[in-house]
Amino acid sequence: MDAITGFLAASVRIATPLLWASLGEMVAERAGVINLSVEGAMLAGCLGGALGAQAFGGAPIGLACGMAGGLLVAAVFAAVAIGAKTDQIIAGTAVTLASVGVTGLIYQRVAGSAGSGLTLETMPPVRIPLAADLPLIGPALFEQPWPTYLAAGAACLVWWVVFRTTLGLRLRAGGEAATAARAQGVPVRRYQVAAVLVGGAMAGVAGATLVLAQVGTFAERMTAGRGFIAIAIVVLGRWHPVGVAVAALGFGAATALQFLFQAAGAAVPYQLLLMLPYLLALVALTGAVGRVRSPAGLGRPAE
Amino acid sequence: MIAFLRRLGLPVAAVGLGLALLGGGLALLGYDAGGGLSALGRGAFGSWYAVGSATLVRAVPLIVIGLGVAIAFRAGALNIGAEGQFAAGAVAATVLGLGLGEGPPVAVIPGVLAAGALAGAAWIGIAVMLRQRFGVQEVISTLLLNFVADAGVSYLVQGPLQESKHVYPQSDTIGLAARLPVLPGSRLHLGFLLAVLLAAGLAVAFRRTIWGFRTRAVGEAPLAAALAGGIDVGRTSAVALLWSGAFAGLAGALEVTGVTYALFQNLSPGYGFTAIAVALIAGLEPVAILVAGIGFGALEAGAAGMQRDAGIPAVAVNVVQATIIVVALVGVARSRRIRPEVAA
């Protein structure tokens, strides 16, 4: 595999957890909730995935455990931000803070502080015959671990539910004009809680994918801001699954650039390349805002 | 008296609940909860050394950053990037401290500290510029800049600023002239006095100056401030953010000149986020922030003691901090909003 193909494949692989997390965040924000606990949910998903796969042997169970971890974090956030109607941004930050503490505690308990952490086998790529033989993009799109294919499916499902069903219409109504929706009989807060839980579950899958399909172990704070990047991806993607998918790929590519540079032998310090995704997010946000409209009621607690 | 006790009730309940949750969580996981909590207490208050050199020293960055957070929050702006601004201030202090190590301390120290504050303001200035010109919400931009600063420090201490022997990822130690004077027999440095003065100064500024009034008005009633008061809401909140960054940068400079004397990665164990808890639980009041900062300093010192003596990872104390934030939030949500949705 030459460098370009490798770079494209790495981009898709790295983008997968980001896509999971940002799809989930998109659902929550469409319902009117800005959910900063997505970082904490992802981290819980990382731990759940690692411990689940370790304890029960097997990636599918790991993914399910990761989803459960994300759900738990989202439930706490929903209780505080929607239930108690507190400031969503600060509540999300607090929940993420707690998640960092709890996952660190649990991991240390399970894996010990001797330094030899958990090591897991990472999921092998699943090759789709014929399609994977396409030049350049073949291996990138059709020779990935199965959570990538699942993510693509999830994007389609999210699109259909949010934009083509009555349920989705009510969800979006709650995010745009909560008072009017409520007057029409839509239980806005219930929809918001559900949306946040879905978002947390998907962030949990994102974390589990990060561990089980990429890194192969757990480390304190391993998400390194990916949850926050997911929020930027939602903005860049104009709160639409297709846009979100493209933006996620963009970030995957920005991160994968490190490997391309290394392969090309360029003497760029790796830390500067590490900055790239975050700087890209800033630049992209600059260009996105103004031409883009967020859900009108985003961040405002519904009655 | 009753009113004072009532106001004290919320923070005390918050801390109590947080500690209870921590103890419960520890027990659930099979740690020695009792031993852990008592190690926490000893680390914070167990001895004069603990109080002076652990608790109060750790309180300094929390108080200073907390004051900055309060300025921003009062103006209805959200600075979640204190970590990055702290790092920027630490870098500036290190660079200047290394270069100016020989001059008279009376001149060098204020210069180094001012440089730290300026660096912090410059770092958040990026986010402020993005907000003013492009409408990028400061929540996201300040958050993302944290990670950029982190990578930047990593690059510096493994590259241009690395110590002369090129072994460890840290800088050389700064010159003697740049180091803050320390209370003999302890590690308590001048920064604590500065923190107290800043708290007093900010309290006065909030209540008695036009700037303070404008800043608070913009946060509490932006529409009224703009229409009836003729206040430039966008500009006032931007200035508040810059001050917020300056305080965080100053805290970074204080940490380098008073405690570590060198730059390395992860200089801040999450001070930027803890300070948000400090500011919130103190109701964004400068003098209360002083008290809350000391309280949280005790938590941090206790956490280190807990890790040292009972083998419980220090991050566990995040649970206490998060609980305090949540309790403060719920308490406030009952009465009024912390910040309005619009301050642009």
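Is B:Arg207 buried or exposed? I began with this residue and found that B:Arg207 counts as exposed, because its relative accessibility is 59%, above the 50% at which the term begins to apply. I note at the outset that the model is predicted.

**Entry 1: the salt bridges around B:Glu285**

I looked up the partners of B:Arg207 and found a salt bridge with B:Glu285, in which the closest N and O atoms are 3.3 Å apart.

I then asked which other residue forms a salt bridge with B:Glu285. The partner is B:Arg74, again with the closest N and O atoms 3.3 Å apart. Here the link runs from the loop between α11 and α12 of chain B to helix α3 (residues 48-74) of chain B, across 211 residues. I recorded B:Arg74, B:Arg207 and B:Glu285 as a network of salt bridges.

I compared the accessibility of the members. B:Arg74 is buried, because its relative accessible area is 13%, below the 20% cut-off. B:Glu285, at 25%, counts as partly exposed. B:Arg207 is exposed, as noted above.

I turned next to B:Arg42 and B:Asp309, whose side chains meet in a salt bridge with an N to O distance of 3.7 Å. B:Arg42 lies in helix α2 (residues 33-45) of chain B and B:Asp309 in helix α12 (residues 286-310) of chain B, so the pair ties together parts that are 267 residues apart in sequence. Both ends are partly exposed: B:Arg42 has a relative accessible area of 46%, and B:Asp309 is at 48%. Over all chains, I count five salt bridges.

**Entry 2: where chain B meets chain A**

How many salt bridges are there between chain B and chain A? I found zero. The two chains do have seven residue pairs in polar contact, with both residues at pLDDT 80 or more. On the side of chain B that touches chain A, at least two residues come from each of α5 (105-134), α6 (138-158), α11 (271-281) and α13 (317-335) of chain B. Helix α6(B) gives the largest share, 13 residues. By type, the residues on this side of chain B are 32 nonpolar, nine polar and three charged.

I also noted the extent of the contact: 44 residues of chain B touch 43 residues of chain A. About 3800 Å² is buried between the two chains, and 79% of this area is on carbon and sulfur atoms. Of the area that chain B buries against chain A, 15% comes from B:Leu144, B:Phe147 and B:Val315, more than from any other three residues.

**Entry 3: B:Ser141 in α6**

I looked up one residue of helix α6 of chain B, namely B:Ser141. B:Ser141 counts as buried because its relative accessibility is 0%. Leaving out residues up to four places away in sequence, B:Ser141 touches A:Leu282 in chain A, and B:Ala127, B:Leu130 and B:Val136 in chain B.

**Entry 4: B:Gly81 and helix α4**

I placed B:Gly81 in the loop between α3 and α4 of chain B. B:Gly81 is buried, at 0% relative accessibility. Apart from neighbours within four places in sequence, B:Gly81 is in contact with B:Thr142 and B:Asn146. I also checked B:Ser186, which is 105 residues from B:Gly81 along the chain; their C-alpha atoms are separated by 31 Å.

Helix α4 of chain B covers residues 82-99 and has 18 residues. I found that α4 reaches 26 Å from its first C-alpha to its last, close to the 26 Å expected at 1.5 Å a residue. This helix is mostly covered, with 14 of its 18 residues buried.

**Entry 5: B:Thr236 in α10**

My last entry concerns B:Thr236, in helix α10 (residues 233-260) of chain B. B:Thr236 is buried, with a relative accessible area of 9%. I found a polar atom of the B:Thr236 side chain 2.9 Å from the backbone oxygen of B:Asp232. With residues up to four places away in sequence set aside, B:Thr236 touches B:Arg214, B:Thr215, B:Val218 and B:Ile231.

Notes:
Residues are numbered from 1 along each chain as its sequence is written. Chains are lettered from A and ligands numbered from 1 in the order in which they are written. This is a predicted model: local features need pLDDT of at least 70, side-chain atom pairs count only at pLDDT 80 or more; totals for chains, interfaces and linings use all residues. Side-chain values use heavy atoms; hydrogens and water are left out. Helices (H or I, at least four residues) and strands (E, at least two) are DSSP runs, numbered from the N terminus. The expected span of a helix is 1.5 Å times one less than its number of residues. Buried means under 20% relative accessible area, exposed over 50%, partly exposed in between (1.4 Å probe, protein chains only). Contact means heavy atoms within 4.5 Å. Buried area is the accessible area (1.4 Å probe) that two parts lose on being put together, summed over both. A salt bridge is a side-chain nitrogen of Lys or Arg within 4 Å of a carboxyl oxygen of Asp or Glu. A polar contact is a pair of N or O atoms within 3.5 Å; within protein, one must be able to donate a hydrogen and the other to accept it, and residues adjacent in sequence count only if both atoms are side-chain atoms. Ala, Val, Leu, Ile, Met, Phe, Trp, Tyr, Cys and Pro count as nonpolar, Asp, Glu, Lys and Arg as charged, and the others, Gly among them, as polar.
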